[in-house]
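Reader: I have a model open and want to go through it piece by piece. Can you take my questions as they come?
Author: Go ahead.

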Amino acid sequence: MKSYTIQEINDFLNGELIGSTDQRIDGPEELQKAKTNHITFIGSTKYVKYWADSKACAAIVNANLKIEPDDKRALIIVPNADLAMAKILELFNPPAPEFELDIHPTAVVHETATIGEGSKIGANCYVGKNVVLGKGVTLYPNVCVFDETIIGDQTIAWSGTVIRERCIIGSHCIFHTNVSIGADGFGYRPSDDGRGLVKIPQIGNVVIGHFVEIGANSCVDRAKFSSTIVGDGCKIDNLVQVAHNSVMGRSCIMAGHSGLAGSVTLGDGVIIGGSASIKDHTTIHSGATVGAGSGVMNDVAAGQTVLGYPAQDAKKMLKQWVAMRRLTK
């Protein structure tokens with residue numbers, strides 16, 4: 001088990017150390033759950049009150065908060081406690097599962113596939129015709145990568161992930177368990193005779209940029225034609241749907257159970273809250289935020305925050321909710 005002195009952790013964070021503790025630190029923990037061998041963090045005034053009763057031997061604290069250390073406990077003052085704690089989590093992060101062999105004997109790798117230096121392919125994986133894996137790609141057991149797909153350097157696909165044919169994946173991406181990339185988009189039209197639905201072929205692909213992370217059981221569907229695009233640095237939570245021909249700009253965030261219908265466009269830095277739904281052919285411009293549970297029916301201006309169903313300006317919606325509550329008293 002890894003352990004560090006408070007001085008080693010402070011040196012790592014380049015913070016301001018106040019007070020001291022002789023206790024070696026075995027890991028980070030929440031304020032109210034921490035033991036004497038833990039370091040915790042305080043990033044907001046609402047958590048300051050819990051410090052007195054916490055058993056943690058040390059805390060990482062936002063510079064704008066006023067907290068005094070006590071006997072045998074220490075504080076590390078930093079500009080942003082959340083970012084500092086992220087670094088601490090990396091420090092204590094256990095190693096990923098190891099591969100005994102770079103390519104497991106049960107993996108099926110087509111003879112035309114190109115496998116980059118240092119790439120690892122786990123048990124029962126499938127790598128199809130003309131697939132290209134960059135350097136240091138990791139496919140954990142039971143991953144399928146279908147024909148003519150390209151995956152960039154250092155990308156990781158966890159077990160159960162399926163990447164369909166002709167997709168283009170950037171470098172340093174992470175796909176968590178059971179991610180689906182490139183399944184058919186949802187396209188049907190009534191038949192001429194009125195007796196059923198006709199499937200519309202989905203002949204496009206998915207293009208994913210660099211440093212994209214997609215959570216477990218999320219889906220990014222292939223385009224009807226052209227490409228469904230996820231821009232560099234986007235972070236997608238579990239159970240998220242990105243429908244055909246949608247385009248996400250750079251560094252967008254989609255929280256769990258949210259979804260984009262077909263041909264939605266997100267600008268750069270858009271935030272979609274949990275369980276929010278975005279109507280097809282809608283544009284949400286750069287820097288906008290969609291509140292959790294909202295239903296977006298129209299375009300959203302750059303930098304605007306919308307809320308509710310149907311979604312509208314957050315301040316207006318909150319005023320409506322207050323008025324409704326007064327009427328029902």
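Reader: What is the order of the strands in the open sheet?
Author: The order is β6-β9-β12-β15-β18-β23-β26-β29-β32-β35, which makes 10 strands with parallel pairing. Strands (E, at least two residues) are DSSP runs, numbered from the N terminus, and two strands pair if DSSP finds at least two bridges between them. This is a predicted model, where local features need pLDDT of at least 70 and side-chain atom pairs count only at pLDDT 80 or more, while totals for chains, interfaces and linings use all residues. Residues are numbered from 1 along each chain as its sequence is written, and side-chain values use heavy atoms, with hydrogens and water left out.

Reader: Which strands stand at the edges?
Author: β6 (108-109) and β35 (295-296); each has a single partner strand, so one side of each lacks a neighbour in the sheet.

Reader: How many bridges join β6 to β9?
Author: Two, and the strands run parallel, with β9 covering residues 126-127. Val-108 has Tyr-126 as its bridge partner in β9.

Reader: Changing topic. Is Cys-173 buried or exposed?
Author: Buried, at 0% relative accessibility. Buried means under 20% relative accessible area, exposed over 50%, and partly exposed in between (1.4 Å probe, protein chains only). Cys-173 lies in the loop between β16 (168-169) and β17 (174-175).

Reader: What is Cys-173 in contact with?
Author: Setting aside neighbours within four places in sequence, its contacts (heavy atoms within 4.5 Å) include Gln-154, Ile-156, Ile-208 and Phe-211.

Reader: Which residues touch the most other members in the largest nonpolar core?
Author: Leu-139, Ile-181, Ile-208, Met-248 and Ile-284, in a core of 46 residues. A nonpolar core is a set of buried Ala, Val, Leu, Ile, Met, Phe, Trp, Tyr and Cys residues joined through side-chain atoms within 4.5 Å. Another core, of 17 residues, lies apart from that one and has Leu-13 and Cys-57 among its residues.

Reader: And where is Arg-166?
Author: Arg-166 is in the loop between β15 (162-163) and β16. Arg-166 is partly exposed, with a relative accessible area of 32%.

Reader: What does the side chain of Arg-166 reach at 3.2 Å?
Author: The backbone oxygen of Ile-203. Not counting residues up to four places away in sequence, Arg-166 also touches others, including Asp-147, Glu-148 and Arg-222.

Note on methods:
Helix = DSSP H or I, 4+ residues; strand = E, 2+ residues; numbered from the N terminus. Polar contact = N/O pair within 3.5 Å; in protein donor to acceptor, adjacent residues only side chain to side chain.
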